[in-house]
Amino acid sequence: MLSFGIDIGGSGIKGAVVNLASGAFEGERLKIKTPQPATPEAVAETVAAIVEEKDWDGPVGITVPAVVRNQVIQSAANIDKSWIGVDAEELFGQHLGQRPFTVLNDADAAGLAEVAYGNQITRRGPVVFLTLGTGIGSALFINGQLYPNSELGHITVGKKSAEKQASSAVRERKELSYEQWVERLNRVLAEYEKLFSPAAFVIGGGISRKFDKWGHYLDVETPVLPAQLRNTAGIVGAAMAVEDGLRP
Ligand code: BGC
């Protein structure tokens, strides 16, 4: 069974046909630079262009780096502020025609893909999935079922939000060594541990690829594992969500 996923990010908008039997892309992924300013209208046009270019006429799942409630965008931490209050059903409906589509949070999508095709530990008990990138995205799971829009990146740890201290972008901006950065991540994970007592943390996002460089600095009690799915996760999760009829 094939589906289509699109991942809207700060620098690129990426889409691919996904084979839901394997969780792999069917053919090439297409990436178009995120228009600047990344207004809802400009982004929706790019989404439609990707779908058209890929010659896809079925359902489409779309991720956004924001809270999505009843298909309405509720936040805009690392995206254009004009997204707040946008009715995604209306916006994408105007560009994608009559086909079914759904919009969901990017970390929720990536987590769903990890549960389905990645580390099996995510399928049992309480698990906190995190993506470390420009911000910190999160997805909460209990026995593989998603509780959407958890936004753990915005929990205050000490004086600042978790993502302002320990995202991968902060590491780059402040030129922190892995050891210095993980010191911050440890404080963030310790807070999440206190709040949620998960069975495991699973970490995705670009920096999870370098887990062997920084994993040994972690010192929380909960096991921390790198996600098995890499940069395909958002697209795959979006494709799954629309097929499953998930409409957060
Ligand atoms: C946003 C989340 C998003 C995360 C990762 C955060 O700043 O609030 O909605 O999942 O970044 O993109």
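The chain is divided into domain 1, covering 2-108 + 234-244, and domain 2, covering 119-227; these bounds come from an automatic or database domain assignment. This is a predicted model, in which local features need pLDDT of at least 70 and side-chain atom pairs count only at pLDDT 80 or more, while totals for chains, interfaces and linings use all residues. Residues are numbered from 1 along each chain as its sequence is written, and side-chain values use heavy atoms, with hydrogens and water left out.

Let me start with the two domains. Their C-alpha centres are 24 Å apart. Eight residues from domain 1 and 15 residues from domain 2 take part in the contact, where contact means heavy atoms within 4.5 Å.

Next, the area. About 760 Å² is buried between domain 1 and domain 2, and carbon and sulfur atoms give 48% of it. Buried area here is the accessible area, with a 1.4 Å probe, that two parts lose on being put together, summed over both. On the domain 1 side, Asn78, Ala107 and Asp108 supply 63% of the area buried against domain 2, more than any other three residues.

What about salt bridges across the interface of domain 1 and domain 2? The rule finds zero; it asks for a side-chain nitrogen of Lys or Arg within 4 Å of a carboxyl oxygen of Asp or Glu. Polar contacts between the domains come to three residue pairs, both residues at pLDDT 80 or more. A polar contact is a pair of N or O atoms within 3.5 Å; within protein, one must be able to donate a hydrogen and the other to accept it, and residues adjacent in sequence count only if both atoms are side-chain atoms.

Now the ligand. The residues around the ligand include Asn78 and Ala107, along with Asn105, His154 and Glu163; to be listed, a residue needs a heavy atom within 4 Å of the ligand. Polar side-chain atoms reach ligand oxygen atoms at 2.9 Å from Asn105, 2.7 Å from His154 and 2.8 Å from Glu163.
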